[in-house]
Amino acid sequence: MPGSVKTEAIVLRSLRYGEADRILHLYTPARGRLSAIAKGVRRAKSRFGGRLEPFFRLDLVLYEGRSELLTVTSAETLAGHPRLREHGGALDGAARACDAVGRLFADGEPHRGVYNLLSNQLALLDAQPERATRANALAFRLKLLLAAGFAPQLAACAGCGEREHLVGFSGAAGGVVCSACEASAFALGQDAHDFLVGALGSSLAETPEAPPAALAQAERAILATLEHHAHLQLRPVG
């Protein structure tokens, strides 16, 4: 039935539409990803001002009619994250985080943990733009995998369950593999394994650092997991 929907939302993406409108891709805590139209938002005297931009966290009132697009009728800023736009690395990190959420979680797939994770990532990059490191971006993606149910097996061989001699990673198997099961795997050193375990067990603000070679291996493991189990290819962060 048509009616109003009140919700918090993060603007993942904003696209020009027509002469004065914008199409917004939103992520909400209770309804997951949504698309909405903001009519007249590009006019100089728009009542929305500059609030409907990517990375804003908002209190919205949306009208839900028969169209697949909801209509924005009210918007109040909860967090605008203005410092993101002053730091190239933080801006890029925020864009990649929003892109990953928008592509990994489909319309109508609510996940409050994902909403909170993205909120925390944007707030962290806004408050401390120097945190926009490769390690941070990989930790964010790893936590998204966990939320989506695709977290890699790291405690034992994904092939046979062996807990010793874990020397490789197999996206097809879904995690680390031992020397006896490494035929379809690529090498994963101890530093890379430690990073993956540490990043999963730490908050984004406490993401461990690791040598560049270890981060490259960790990223390959994350991308392989996404490709094999979520059927999704994301741009490398490194």
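**Notes on the pockets, helices and sheet of this predicted model**

1. Let's start with the largest pocket: β1 (3-17), β3 (32-38) and α1 each supply at least two residues of its lining. Helices (H or I, at least four residues) and strands (E, at least two) are DSSP runs, numbered from the N terminus. A pocket here is an open set of points on a 1 Å grid over the protein atoms alone, with protein on both sides within 12 Å along at least five of seven lines, and lining residues have an atom within 4 Å of a point.

2. A word on the source: this is a predicted model, in which local features need pLDDT of at least 70, side-chain atom pairs count only at pLDDT 80 or more, and totals for chains, interfaces and linings use all residues. Residues are numbered from 1 along each chain as its sequence is written, and side-chain values use heavy atoms, with hydrogens and water left out.

3. Back to the pocket, whose volume is about 230 Å³; a volume is the space filled by probe spheres set on the points, which are joined across faces, edges and corners. Of its 13 lining residues, Leu12, Arg13, His25, Cys98 and Asp99 lie nearest the centre. The most comes from α1, with five residues. By class, the lining has five nonpolar, three polar and five charged residues (Ala, Val, Leu, Ile, Met, Phe, Trp, Tyr, Cys and Pro count as nonpolar, Asp, Glu, Lys and Arg as charged, and the others, Gly among them, as polar).

4. There is also one cavity of 30 Å³ or more, meaning a set of points where a 1.4 Å probe fits but cannot get out. The largest cavity holds about 50 Å³ of space. Its lining consists of Gly93, Arg96, Ala97, Gln121, Ala137, Phe140, Arg141 and Val237, with α1 (88-104) and α3 each supplying at least two residues.

5. Next, the helix pair. α2 (residues 112-127) and α3 (residues 134-148) pack at about 170°, their axes 10 Å apart; axes are lines fitted to C-alpha atoms over the stretch in contact, and angles run from 0 to 180 degrees between N-to-C directions. The two are therefore roughly antiparallel (under 35 degrees is roughly parallel, over 145 roughly antiparallel, 65 to 115 roughly perpendicular and the rest oblique).

6. Finally, three strands form an open antiparallel sheet in the order β7-β6-β8. Strands pair if DSSP finds at least two bridges between them; β6 (residues 166-170) and β7 have four. Serine 170 has glycine 175 in β7 as its bridge partner.
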